[in-house]
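Welcome! Please take a moment to look over the sequence and the 3D structure shown here, and then read on for a guided tour.

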Amino acid sequence: MSEAEPITVACLDLAGTTVADDDTVETAFAEAIAALGTARGTAAHERAMTHIRASRGGSKIEIFRSLFDEARAQAANMAFERSYDQLVDRHGLRAVPGAADAIERLRGAGVRVCLLTGFGRSTQARILDTLGWWDHADLTLCPEDVARGRPWPDLVLTAALRLGVDDVRHIAVCGDTANDMLTGRRSGASIVAGVLTGAHDRARLLTAGATHILPSVAALPDLILKGAPTPLDTALTADHG
């Protein structure tokens, strides 16, 4: 990253990236499909969960549409949101260690932050309410704000338009899933950083196009503000950082 092309916008995922997941999302998915009659312990339930795990990071309603017809997909999405709310009520939510400081460092350096998610608007709002994070970002976006959710580039490109980015190469994307990486690469972002605190592992993130692998989002400010090391160097050293 040269001085002529600074990062001016960072698009950060929520669950698994800036917000600790603790299996809350997977549990909500499992309960949602069980509510639609796909009983736990059956081969059908495991097939559905395997598909869901591979699709993590994508729009939740689109994931359900890939499993059910429209009416059942809508019902599953509602069951997912209800389950997620109940899990938060019981167990609470916490930020990934260092995430809030990372966001503060970026914004303090003039980098605008957009918090992106594959959750619907109500679940996104529940997370931001619970953590008190409404003032932590310059913009928040969810699939309801765009024509297509992840893995398409629409969320990042919408952030670029709303935040007045001059060049998509001035964008950094950070997430924990293959769909986050695909979104970043398709948007033209210069930095597409995968983190090891969420759904997908290092190999999966690299295969999906990660330019850098970080132990967590806490390392993102150094990558953006102090000049990016080469992708190969980062990918080789992040697991030990």
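Helix α1 makes a right-handed crossing with α4; a crossing counts as left-handed if the near helix is turned anticlockwise from the far one by less than a right angle, and as right-handed if clockwise. Before going further, a word on the source: this is a predicted model, where local features need pLDDT of at least 70 and side-chain atom pairs count only at pLDDT 80 or more, while totals for chains, interfaces and linings use all residues. Residues are numbered from 1 along each chain as its sequence is written, and side-chain values use heavy atoms, with hydrogens and water left out.

The names of the elements follow DSSP: helices are runs of H or I with at least four residues, strands are runs of E with at least two, and both are numbered from the N terminus. Two packed helices are described by the angle between their axes and the distance between the axes. Here the axes of α1 and helix α4 (residues 70-91) come within 8 Å and cross at roughly 135°. Such axes are lines fitted to C-alpha atoms, for helices over the stretch in contact, and the angles run from 0 to 180 degrees between N-to-C directions.

Contact here means heavy atoms within 4.5 Å.

D22 has a phi near 55°, a positive value in a residue other than glycine. For D23, also a residue other than glycine, phi is positive too, near 65°. D22 counts as exposed because its relative accessibility is 52%, and D23 is exposed at 53%. The cut-offs are under 20% relative accessible area for buried, over 50% for exposed and in between for partly exposed, with a 1.4 Å probe and protein chains only.

## The sheet

Now to the strands. Six of them form an open sheet in the order β3-β2-β1-β4-β5-β6, with parallel pairing. Its edge strands are β3 (139-141) and β6 (212-214), each pairing on one side only. On average, neighbouring strands of the sheet are turned by 20° against each other, direction ignored. Two strands pair if DSSP finds at least two bridges between them.

| Strand pair | Bridges | Residues facing each other |
|---|---|---|
| β1 (residues 9-13) and β2 (residues 112-116) | five bridges | C11 and C114 |
| β1 and β4 | four bridges | A10 and A172 |
| β4 and β5 (residues 191-195) | four bridges | V173 and V192 |

Is β4 mostly covered or mostly open? Strand β4 is mostly covered, with five of its five residues buried. From β4, I171, V173 and G175 point one way, while A172 and C174 point the other way.

## Helices across the sheet

Helix α5 (residues 99-108) lies across β1 and β2, and runs at about 140° to β2. Helix α7 (residues 154-162) lies across β1, β2, β3 and β4 (171-175), running at about 150° to β3.

T158 belongs to helix α7. With a relative accessible area of 16%, T158 is buried. Leaving aside residues up to four places away in sequence, T158 touches L141 and V146.

In the loop between β3 and α7 we find P151. A cis peptide bond joins R150 to P151, with omega about 20°.

## The cysteines

How many disulfides does a search of the whole structure find? The search finds zero disulfides. C114 is in no disulfide, and the nearest cysteine sulfur, that of C11, is 4.8 Å away; a disulfide is a pair of cysteine sulfur atoms within 2.5 Å. C174 is in no disulfide either, as the nearest cysteine sulfur, that of C11, is 11 Å away. C114 counts as buried at 0% relative accessibility, and C174 is buried with a relative accessible area of 1%.
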